[in-house]
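This report examines a protein model together with its ligand. Please keep the sequence and the three-dimensional view at hand while reading.

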Amino acid sequence: MSATNNQFTNIRVFISEIPEGVAPNKSYFRTVTVTEDKPVLEDGAIFVKNAVFSLDPYIVYDFSKGNKESSVAGFGIGKIIDSKNPTFPVGSTFFGPIRWESYSVLNKEQELSQSVNLDAGLDKELPLSVYNGVLGLSGFTVWDSLRRLGNLKKGETIYISSAAGTLGQLAGQLAKRQGLRVIGSAGSDEKVTFLKKELGFDAAFNYKTQDKREALIAAAPNGIDIYYDLVFDNTVEVALDLLNTHGRIITVGALAMHQNQGIAVPRNLINILMKQIRYEGYVVYEYYDQWEAFWTEVTPLVRKGEIKFDETLIEGGLDIVAETYDRFLQGGYKGKVSVKIADL
Ligand SMILES: NC(=O)c1ccc[n+]([C@@H]2O[C@H](COP(=O)([O-])OP(=O)(O)OC[C@H]3O[C@@H](n4cnc5c(N)ncnc54)[C@H](OP(=O)(O)O)[C@@H]3O)[C@@H](O)[C@H]2O)c1
């Protein structure tokens with residue numbers, strides 16, 4: 001912190017509008033430096049020094065009051081530097097929803113209910129950025145959604161869309177460890193090779209250059225048992241046709257929607273009846289009491305290299321966050337992308 005004793009310098013990112021159908025490139029963002037009074041926290045609130053931002057397929061903004069620009073929020077890791085909340089004491093390591101800024105105050109119930117004190121699971125031998133990815137909200141979502149909704153059985157076949165992304169990578173590996181045949185799709189040949197060669201997927205295809213139905217039939221001639229949907233586009237129509245009796249669709253992500261692309265409007269929902277398919281959505285925030293169980297099981301696998309993960313850590317100022325975001329949305333990176341703006 002700089003400026004006077006009662007003031008500090010904050011750097012903030014604003015977005016001017018959300019373009020239709022394309023990812024916002026850096027021209028939509030503006031970074032400003034402001035001097036602010038140190039916050040006086042209300043009960044339950046925390047003040048966080050932000051350190052490592054997680055780039056996720058969606059950002060949170062607010063143009064509701066006719067604002068010409070909005071602050072941008074995502075998730076990230078920081079250090080609690082002031083607190084009126086016993087769950088997040090001063091000095092603890094924080095993960096949760098933070099605005100793209102150097103320091104954040106969190107006092108809304110919703111923000112705090114999506115936040116985690118990482119100290120309960122922090123493995124100092126691993127890079128902090130893994131708590132944005134494989135050992136963070138993404139990893140926890142996959143681990144919990146698969147065990148809660150998947151009913152995975154050895155010998156079954158699972159198909160994962162956006163398989164080279166943060167959630168997809170772990171979903172494939174956890175399913176493989178339980179003896180399933182794992183098929184994934186991704187948006188480049190390099191990612192497809194990575195899924196097969198590095199992560200041990202049994203089959204993978206490039207959904208941008210191959211017909212999904214043909215590719216899936218070739219990869220799973222006996223049909224699929226589980227579709228782990230991270231995209232929520234019309235791939236689900238193909239999956240509904242190819243799912244076996246008692247198949248499951250686990251809907252976890254909506255990448256197509258985040259980018260204002262066409263979302264799922266399946267015309268063959270009758271398959272749910274005919275094949276007794278279970279089609280279920282999952283949202284992680286209801287299950288936050290399970291974080292420690294997740295870390296107990298998955299941290300040793302990550303440490304031993306039994307679960308692999310691919311992530312990119314970019315270091316720089318807050319303007320780098322906005323620049324990186326565009327390339328990230330275009331599929332320019334494999335796996336988790338984090339931007340480090342400060343040490344903890
Ligand atoms: N339900 C929950 O509780 C929960 C929790 C966490 C995350 N999520 C959701 O899970 C989804 C996946 O998250 P993630 O962090 O793992 O994202 P991600 O896969 O890392 O997202 C980026 C990748 O998405 C792919 N992509 C973008 N648009 C696509 C499209 N229209 N069709 C197919 N692939 C597309 C791109 O890869 P390609 O090169 O392969 O196209 C890009 O690299 C997101 O929707 C996220 O919001 C849900």
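The report turns to the ligand, then to aromatic rings, and then to individual residues.

The model is predicted: local features need pLDDT of at least 70, side-chain atom pairs count only at pLDDT 80 or more, and totals for chains, interfaces and linings use all residues. Residues are numbered from 1 along each chain as its sequence is written, and side-chain values use heavy atoms, with hydrogens and water left out.

## The ligand and its surroundings

Helices (H or I, at least four residues) and strands (E, at least two) are DSSP runs, numbered from the N terminus.

| Residue | Protein atom | Ligand atom | Distance |
|---|---|---|---|
| Threonine 166 | backbone N or O atom | oxygen | 3.2 Å |
| Tyrosine 207 | polar side-chain atom | oxygen | 2.4 Å |
| Valine 252 | polar backbone atom | nitrogen | 2.9 Å |

On its own, the ligand has 920 Å² of accessible area, of which the protein covers 92%. Accessible areas come from the Shrake-Rupley method with a 1.4 Å probe; for residues, only the protein chains shown count as cover.

## Aromatic rings

How many aromatic pairs does a search of the whole structure find? The search finds 23 aromatic pairs. Rings of Phe, Tyr and Trp (its six-membered ring) pair if their centres lie within 6.5 Å; planes under 30 degrees apart count as stacked, over 60 as edge-to-face and the rest as tilted.

Phenylalanine 29 and tyrosine 325 form an edge-to-face pair, with 6.5 Å from centre to centre and 90° between the planes. Phenylalanine 29 belongs to strand 2 (residues 29-37) and tyrosine 325 to helix 10 (residues 318-329), so the pair ties together parts that are 296 residues apart in sequence. Both phenylalanine 29 and tyrosine 325 are buried. Buried means under 20% relative accessible area, exposed over 50%, and partly exposed in between (1.4 Å probe, protein chains only).

One aromatic cluster is formed by Tyr131, Phe140, Trp143, Tyr285, Tyr288, Trp291, Phe294 and Trp295.

## Individual buried residues

Glutamate 101 sits in the loop between strand 6 (93-99) and strand 7 (103-106). With a relative accessible area of 2%, glutamate 101 is buried, and its side chain is joined to that of arginine 12 by a polar contact of 2.8 Å.

Phenylalanine 8, in strand 1 (residues 7-15), is buried at 2% relative accessibility. Its C-alpha atom is separated by 8.4 Å from that of valine 34, 26 residues apart along the chain.

Glycine 139 lies in helix 2 (residues 137-150) and is buried, with a relative accessible area of 3%. The C-alpha atoms of glycine 139 and valine 298 are separated by 8.7 Å, although these residues are 159 residues apart along the chain.

## Positive phi angles

Most residues other than glycine have a negative phi. Asparagine 151, which is not a glycine, has a positive phi of about 45°. Asparagine 151 is found in the loop between helix 2 and strand 9 (157-160) and is partly exposed at 43% relative accessibility.

Serine 162 has a positive phi near 45°. This serine 162 occupies the loop between strand 9 and helix 3 and counts as partly exposed at 23% relative accessibility.

Key
Polar contact = N/O pair within 3.5 Å; in protein donor to acceptor, adjacent residues only side chain to side chain.
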